[in-house]
Amino acid sequence: MTTTRPAAQATAGPHARWTGPSGRLNTTWHRRALLVFAVVVIAHWGEHLAQAVQIYVMGWPVPEAGGLLGLAVPWLVTSEWMHYGYALVMLIGLVTLRHGFTGRARRWWNASMWTQVWHHFEHLLLLLQASTGAYLAGAVKPTSIVQLLVPRVELHLFYNTLVTLPMVVAMVLHHRRTARDAQDVTVPACSCGTSVRRRAGLVAAG
Amino acid sequence: MHHHHDTSLGWSLGAGWLHVLLVAAVLVLAASALARPFLGSPGRRSRAALTVVAAGAVVALLVLSDGVDGPRQLVALAVLVAVLPVLVAARQGTALARGARRAAPWVVAAASTVTVVEVARARLGAPGPVLEARLVDSALLAAVVGLSWLSLCRAPSWRVGRSRGVLAWALGCAVLIGTATATVTGTAI
């Protein structure tokens, strides 16, 4: 038995999902899109970890610890536009790719998305302050809302952790669930977990 | 590990445009409050628009002010209370929306009380222009939050509807007076 449902079917029925302009984003291209998104997230984490090593292991002063790319292009670390841009890319990725998730995986992905909505808002506020020269409630530098409660420079690393962890859980659950979804004709086809479905004989080999 | 948020962009748009947006936002809120007794409760779209405008006004006010009357942590609470109506207006029928609607009259009452107290303290002789500016900004902040939550209130009877219309007028006038005072004294607006 082979099951290869067309992408167009993904936009109909109780599990209708947004599939992008190509009609494939959250179906046959979902796995590829998630991989690209994961590479961006991991690269960002790599930069943070390199910066952590520079500060806490190598003992570099904080302003000089620019991670890897930041050493070659220092404005990448100091630019508020850069931070905001990354927060925006993350938000767009989480919003657009969520349609490919179902069940528990979708709930974890949504948790990650809503955390990023707030994180994005915080960066927008920082950008607003940096671009106007007026700082929140008379502060002496751009300040985010939660910084008023937790004045730690690692705050945004904590935010990234809060966004990444549920995202990873969602991806794992999605991968496992896809094998079951493949047997449920009411759930649209998705390219994730293809090898699992192939082993189950639900997808044509090759 | 660290985001260097103490750095600037190397250029600045200046805060002038933010002042203009803030004045425009509070005028929209005041106008809707003053029109409420005649036009009735706002519809779904109007309510969503008003909550967004109020949230934007609160954020702009906090960025432009030198602080609020109280600990800095109040700023986080003010933003939370200003953003919540936006979510409620966007996601009607949820448990959050139902709970927020039940709490709305109490939030409006609290915000109105804070507005009256802060205006009175500013008018009856604040010790120094810095504190006076903070009191005026705090009054304006509370009035804007109150107007945002007022848009979520439903009037179960004619009498309640009338009393909320009067309250809307009072808050709308407070916003206008606060805006005028802030313009003269040179605080956030």
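A crossing of two helices is left-handed if the near helix is turned anticlockwise from the far one by less than a right angle, and right-handed if clockwise. In this predicted model, H2(B) passes H5(B) in such a left-handed crossing.

## Overall composition

Chain B contains 6 helices and 0 strands, so that its pattern along the sequence reads α-α-α-α-α-α. Of the 189 residues in chain B, 43% are buried. When contacts in chain B between residues at least 6 apart in sequence are considered, 80% of them join residues at least 24 apart.

Chain A has 8 helices and 0 strands, and its pattern is α-α-α-α-α-α-α-α. Buried residues account for 36% of the 206 residues in chain A. Among contacts in chain A with a separation of 6 or more, 55% involve residues 24 or more positions apart.

| Helix pair | Axis approach | Crossing angle |
|---|---|---|
| H1(B) and H2(B) | within 9 Å | roughly 140° |
| H2(B) and H5(B) | within 9 Å | roughly 165° |
| H3(B) and H5(B) | within 9 Å | roughly 25° |

The axes of H2(B) and H5(B) cross at roughly 165°. Angles over 145 degrees count as roughly antiparallel, and H2(B) is therefore roughly antiparallel to H5(B). On the H2(B) side, the residues that meet H5(B) are B:Leu50, B:Thr51, B:Ala54, B:Ala57, B:Val58 and B:Leu61. Their partners in H5(B) are B:Asp137, B:Leu140, B:Leu141, B:Val144, B:Val145, B:Leu147 and B:Ser148. By class, this contact of H2(B) with H5(B) comprises 10 nonpolar, 2 polar and 1 charged residues.

Helix H5 of chain B, residues 129-150, also packs against H3(B), with the axes crossing at roughly 25°. Angles under 35 degrees count as roughly parallel, and H3(B) and H5(B) are therefore roughly parallel to each other. The crossing of H3(B) past H5(B) is left-handed. From H3(B), the residues B:Ala78, B:Val81, B:Ala82 and B:Pro85 take part, and they meet B:Leu141, B:Val145, B:Ser148 and B:Trp149 of H5(B). The residues of this contact of H3(B) with H5(B) divide into 7 nonpolar, 1 polar and no charged.

Helix H1 of chain B, residues 16-39, crosses H2(B) at roughly 140°. That angle makes H1(B) oblique to H2(B). H1(B) passes H2(B) in a left-handed crossing. The contact is formed by B:Leu18, B:His19, B:Leu21, B:Leu22, B:Ala25, B:Val26, B:Val28, B:Leu29 and B:Ser32 of H1(B). The contact of H1(B) with H2(B) has 15 nonpolar, 3 polar and no charged residues.

## Contact between the chains

The contact between the two chains takes 27 residues from chain B and 33 residues from chain A. Helix H2 (44-64) and helix H3 (73-90) of chain B each supply at least two residues of the side of chain B that touches chain A. That side of chain B divides into 13 nonpolar, 11 polar and 3 charged residues.

## Annotated spans and loop residues of chain A

The UniProt record, an unreviewed entry, places the feature "transmembrane region" at residues 29-46, 83-101, 121-137 and 157-173 of chain A. In the model, residues 83-101 of chain A are 79% helix and 0% strand, with end C-alpha atoms 27 Å apart. Residues 121-137 of chain A are 71% helix and 0% strand, and here the end C-alpha atoms are 17 Å apart.

A:Ala137 is located in the loop between helix H5 (103-132) and helix H6 (145-149) of chain A. Although A:Ala137 is not a glycine, it has a positive phi of about 50°. A:Ala137 counts as buried because it has 22 C-beta neighbours inside 10 Å.

A:Ala65 lies in the loop between helix H1 (30-57) and helix H2 (69-72) of chain A. A:Ala65 likewise counts as buried, with 22 C-beta neighbours inside 10 Å. Apart from neighbours within four places in sequence, A:Ala65 is in contact with A:Gln51, A:Gln54, A:Ile55 and A:Trp60. The C-alpha atoms of A:Ala65 and A:Met113 are separated by 29 Å, and these residues are 48 apart along the chain.

Definitions and conventions: Residues numbered from 1 in each chain as written. Chains lettered and ligands numbered in written order. Predicted model: local features only at pLDDT ≥ 70, side-chain atom pairs only at ≥ 80, totals over all residues. Helix = DSSP H or I, 4+ residues; strand = E, 2+ residues; numbered from the N terminus. Buried ≥ 20, exposed ≤ 12 C-beta atoms within 10 Å, placed from the backbone. Contact = placed C-beta atoms within 7 Å. Nonpolar A, V, L, I, M, F, W, Y, C, P; charged D, E, K, R; others polar. Axes fitted to C-alpha atoms, helices over the stretch in contact; angles between N-to-C directions. Parallel < 35°, antiparallel > 145°, perpendicular 65-115°, else oblique. UniProt positions renumbered as here; feature names shortened; annotations may be inferred.
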